[in-house]
Amino acid sequence: MFKKISKVLVTTATCALLMASSVFAGKAYYSFTLGNTGTAIENFSVSKNDKTILSNPWTLKVNSITCSGQYGIRFAPAMVNSSGNVTRVCTQSAVWRNGTGYGTVAYASGDAALTTYKLGARQDDSYYSTFKSAGWWNADKLSDQ
């Protein structure tokens with residue numbers, strides 16, 4: 001009897017852990033309305049995401065974008081502390097997007113850590129109009145499904 005109860009408890013605990021960790025693997029949604037801030041990334045998503053697999057690239061899905069020029073918007077992961085304040089923008093791991101779509105981006109050396117991230121963005125500094133984008137992202141590799 002004790003073995004049956006133990007198996008049920010272990011199975012229940014395992015399922016609970018699996019369900020809890022899948023929360024961090026989901027899509028973190030973003031929405032940016034950007035002005036020209038020069039070359040500094042000063043706009044960050046409200047959504048946060050925990051990096052759980054050190055070797056994984058980060059994922060970006062641009063569902064909508066309004067921009068000008070060849071480069072458009074530069075997106076970059078940014079490490080945050082427990083208060084949600086940005087401590088480091090991973091500019092070497094950034095990517096330019098001027099159209100919609102899905103993709104993964106490799107982290108540059110030293111930019112990947114098992115910590116919490118926000119998504120940062122800035123518009124091409126050659127333009128002074130308003131750039132906008134919305135979509136989702138993840139600090140790890142996430143399928144576009």
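Buried here means under 20% relative accessible area, exposed means over 50%, and partly exposed lies in between, computed with a 1.4 Å probe on protein chains only. The views below come from a predicted model, in which local features need pLDDT of at least 70, side-chain atom pairs count only at pLDDT 80 or more, and totals for chains, interfaces and linings use all residues. Residues are numbered from 1 along each chain as its sequence is written, and side-chain values use heavy atoms, with hydrogens and water left out.

**View 1. Aspartate 140 and its surroundings.** Aspartate 140, found in the segment after β9 (131-138), is buried, with a relative accessible area of 5%. Its side chain reaches the backbone nitrogen of isoleucine 53 at 3.4 Å, where a polar contact is a pair of N or O atoms within 3.5 Å, one of which, within protein, must be able to donate a hydrogen and the other to accept it, and residues adjacent in sequence count only if both atoms are side-chain atoms. Leaving aside neighbours within four places in sequence, the residues in contact with aspartate 140 include Asn49, Asp50, Lys51, Pro57 and Trp58, contact meaning heavy atoms within 4.5 Å.

View 2. Strands (E, at least two residues) and helices (H or I, at least four) are DSSP runs numbered from the N terminus, and two strands pair if DSSP finds at least two bridges between them. β4 runs antiparallel to β8 (residues 116-123), joined by eight bridges, and pairs in the antiparallel sense with β6 (residues 95-97) over three bridges. Isoleucine 73 stands opposite arginine 97 in β6 and has glutamine 123 as its bridge partner in β8.

**View 3. The hairpin of β4 and β5.** Three bridges join β4 to the antiparallel strand β5 (residues 86-89), with alanine 78 opposite valine 89. Five residues lie between the two strands of this hairpin, in which glycine 84 takes a positive phi near 90°.

View 4. Cysteine 67 is partly exposed, with a relative accessible area of 25%, whereas cysteine 90 is buried, at 0%. The structure holds zero disulfides, a disulfide being a pair of cysteine sulfur atoms within 2.5 Å.

**View 5. Residues 9-24 and model confidence.** The mean pLDDT (the predictor's confidence in each residue, from 0 to 100) of the protein chain is 88, and 83% of its residues reach 70 or more. Over residues 9-24, however, the pLDDT is below 50, and this stretch has four contacts in the model beyond near neighbours in sequence. Where pLDDT is low, the predicted coordinates should not be read in detail.
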